[in-house]
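Open the model in your viewer and get ready to click along. We will go from stop to stop, selecting a few residues each time.

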Amino acid sequence: MSAPDLSALTGLRSGKSTFYPQYRGAAERLERVVHALELISRALVRTVEGPETLICAVAEAARAHLSATWVAFALADGVLPDAGPRRLVLGPDATPFLVDNVEGPPLPDEVVALLDAVRTGAVERRELVEKHHAFVPIVLDGGVAGAIAAWTPDHRVLDTTDRAVLSILASQTAVALQNSALYQRGQLLLERAEQAYREANRAAADLQARNEELEATLKKLAVTQRQLGVAHRNQALDEERHRIARELHDSVTQAVLSAGMQIEVCRSDIPDAERGERLDLAKELTRGAVEQLRSAIYALNRPSDSERMSLPEMLEQLSVAHMPGELEVRTRTGGTPVELSGEAEHALLRIAGEALFNAAVHANASRVVLRLSYGRDAVLLSVADDGDGDPARLRVMLRLAANDLDGSHRGLANMQARARELGGTLEVRRSRLGGVRIAARIPLQDNAVAQQVGEPS
């Protein structure tokens, strides 16, 4: 349908002043049109309040303009699914007789028939305006989306002006319903976006809280790990001190007893030359015992300050316990130091202690070099002396240590076992100093302490 012109709205076809009755009728129709357009504008501005308010306002505007006894509004099934109510009937005095599926008093048959026809789509896309009945389809996207229908009393006869007003009302209602549906959908999307934003904020806050908990846990873990390292180092030094005390007790006791026996023999009737030899031997035995006691007392009386000491410092301290007057012990450190686990430090300290003890007691060494070298993948501990030990013989003894019954060679076996427990190896070779070189290689992959976040490297 083409847009209604002024003559269709007012009924005025001539501008001549001789047609006064036409002017008076046109003025009345124009007043009705202005009032109708005002009702339509009031109805359409309620689009943002939702389809329900809009539909009720449109039906009331049609009823008020036509002074209708019955006004029916209906939408076809499947069209504008978010709009509602889909059916609305206003009776005399604007009384709602049907709102969607909620029915009131019985409706006239023609009203019921029209509602069913609109709902099922069995209506044509053309307007119908009779003396007391009007039907105007609501056209949307080229199809019939619904309809507005009205029935008037006997004294209210419909004309072309009413037809034009209803046509405007129907077309604007179609646009308003579509806009209302889009607005409602936009509001729903906005609410969902706001809800998603709030949930994202809650998730971010929860994630931040969990990150803070994780950081606190990592810090506690780092502190616990350091404490465990301190405990292992303390245990290693304590065990080493006890071992030194036990072995020196045995060796010093044996040396003193042997010296006493030599002196006791000297009291008997023996040649002077033999007496002199025995006294010299007793002197050497007592001097060695004094040196061993002096070293042991020095080592055992050192304070337990391992929590402030690195592994090279602990090895330096450990070497003092095996330094009799005639034995020179030097420590060397190479590479970039890496903090090791407590088990690894403990094992290396015990290996170094055993090797130093063997060099001092069994190898007749005068010089020992203790070297700790940090590599990319492993740490190497070596103890080399200039004594009279035989590496080949020691390797044979190491292989036979599993069947060692008297325990005289368990020291080498213990060193090898400690290295293997950490995934490493133990080698016995000839040293450049001329004696024996004991070398333990420990991999860093499973024995280094992982660097904690925020900790200095």
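A residue counts as buried when its relative accessible area is under 20%. Keep that cut-off in mind as you explore this predicted model.

Start by selecting Pro85, in the loop between strand 1 (70-75) and strand 2 (87-90). Its relative accessibility is 5%, so Pro85 is buried. Now show what surrounds this proline: leaving out residues up to four places away in sequence, Pro85 touches Glu52, Ile55, Phe73, Val99 and Asp100. Take Asp100 from that group: Pro85 and Asp100 are 15 residues apart in sequence, yet their C-alpha atoms are 5.0 Å apart in space.

Next, pick out helix 3 (residues 51-66), where Arg63 and Glu60 sit three residues apart, about one helical turn. These two form a salt bridge, with the closest N and O atoms 2.9 Å apart. Arg63 is buried at 17% relative accessibility, while Glu60 is partly exposed at 29%.

Move on to helix 6 (residues 272-300) and select Arg278 and Glu274, which are four residues apart, again about one helical turn. Their side chains meet in a salt bridge of 3.1 Å, N to O. Another pair to select is Glu427 and Arg429, joined by a salt bridge at 3.3 Å. The structure holds 12 salt bridges.

How many of the 20 residues of helix 8 are buried? Select residues 342-361 to see this helix: 16 of the 20 are buried.

Conventions
Residues numbered from 1 in each chain as written. Predicted model: local features only at pLDDT ≥ 70, side-chain atom pairs only at ≥ 80, totals over all residues. Heavy atoms only, no water. Helix = DSSP H or I, 4+ residues; strand = E, 2+ residues; numbered from the N terminus. Expected span 1.5 Å × (residues − 1). Buried < 20%, exposed > 50% of the residue type's maximum accessible area, 1.4 Å probe, protein only. Contact = heavy atoms within 4.5 Å. Salt bridge = Lys/Arg side-chain N within 4 Å of Asp/Glu carboxyl O.
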